[in-house]
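User: I am new to protein models. Could you take me through one, question by question?

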Amino acid sequence: MSVYFYIPNLIGYARIVCALVFCYTGSFDPIISAIAYSVSQLGDLFDGMAARRFKQCSVFGSVLDMVTDRFSNACILAVLYKLYPTIGFLFLWALALDLCSHWYQMYSTLYCNEKHHKTAVSKYKILEIYYKVPYMLFIMVLLSETAMVTLYLNVFSDWIVIQVLMYVSVPFLCIKHYINFIQLMSASDKIIEKESNKI
């Protein structure tokens, strides 16, 4: 079977379709949009599980997973930029940081011959906690995604439960982007250190 048709990769394609639906409906149909985005993000839970369950791990699948995560986050951050014009620049900054930090992280992992960025040793304690404390990564991603979805829904609804979830989760979104910045610094340090050792 072609790697293109591995089950986890099919899940990845479905996630991209859901993110595209969100992009299309984001400005006029909050229910469909929130469902589409949430399904796209929930797919991130299952592609890795499917890869291990069916023994279909692949480099292509790992890259697809990371790119799909970045693509879906870019979609919602771009829509939030449009919906919150007075603070929209913050969402654009977050979008740029998300893309750059993850690209640097993937490049440094390959350049430094590390097996995976989540298992690599870092001098930054916050990254050690983020990647190696059980369930920490899951909790931080869940809360930061909750923040973005509730920020989105808050524009269209005055439901108190959405507002409560938003105020509770937004600090974790800020922490997540701080971690992205540290991740960018860590990856840069590793690239420069390896390059310096060659001189």
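Analyst: Start with a term: a residue is buried under 20% relative accessible area, exposed over 50%, and partly exposed in between (1.4 Å probe, protein chains only). This is a predicted model, where local features need pLDDT of at least 70, side-chain atom pairs count only at pLDDT 80 or more, and totals for chains, interfaces and linings use all residues. Residues are numbered from 1 along each chain as its sequence is written, and side-chain values use heavy atoms, leaving out hydrogens and water.

User: Is Phe91 buried or exposed?

Analyst: The relative accessible area of Phe91 is 8%. Buried means under 20%. Therefore Phe91 is buried.

User: What kind of aromatic pair do Tyr84 and Phe91 form?

Analyst: Rings of Phe, Tyr and Trp (its six-membered ring) pair if their centres lie within 6.5 Å; planes under 30 degrees apart are stacked, over 60 edge-to-face, the rest tilted. By this rule there are 11 aromatic pairs. For Tyr84 and Phe91, the centres are 5.8 Å apart and the planes make 45 degrees, so the pair is tilted.

User: What kind of pair do Tyr107 and Tyr111 form?

Analyst: Both lie in helix α4, 4 residues apart, about one turn of the helix. Helices here are DSSP runs (H or I, at least four residues), numbered from the N terminus. The ring centres of Tyr107 and Tyr111 are 5.8 Å apart, with 15 degrees between the planes. That is under 30 degrees, so this pair is stacked.

User: Which residues does Leu151 touch, leaving out those up to four places away in sequence?

Analyst: Contact means heavy atoms within 4.5 Å. With residues up to four places away in sequence left out, Leu151 touches Leu80, Tyr84, Phe91, Met166, Val170 and Leu173.

User: Which residues touch the most other members of the largest nonpolar core?

Analyst: A nonpolar core is a set of buried Ala, Val, Leu, Ile, Met, Phe, Trp, Tyr and Cys residues joined through side-chain atoms within 4.5 Å. The largest one has 24 residues. Those touching the most other members are Phe22, Ile76, Leu77, Leu80, Met148 and Leu151.

User: Is Leu92 buried or partly exposed?

Analyst: Leu92 sits in helix α4, residues 88-111. Its C-alpha is 6.6 Å from that of Tyr81, 11 residues away in sequence. The relative accessible area of Leu92 is 37%, between 20% and 50%. So Leu92 is partly exposed.

Methods: Helix = DSSP H or I, 4+ residues; strand = E, 2+ residues; numbered from the N terminus.
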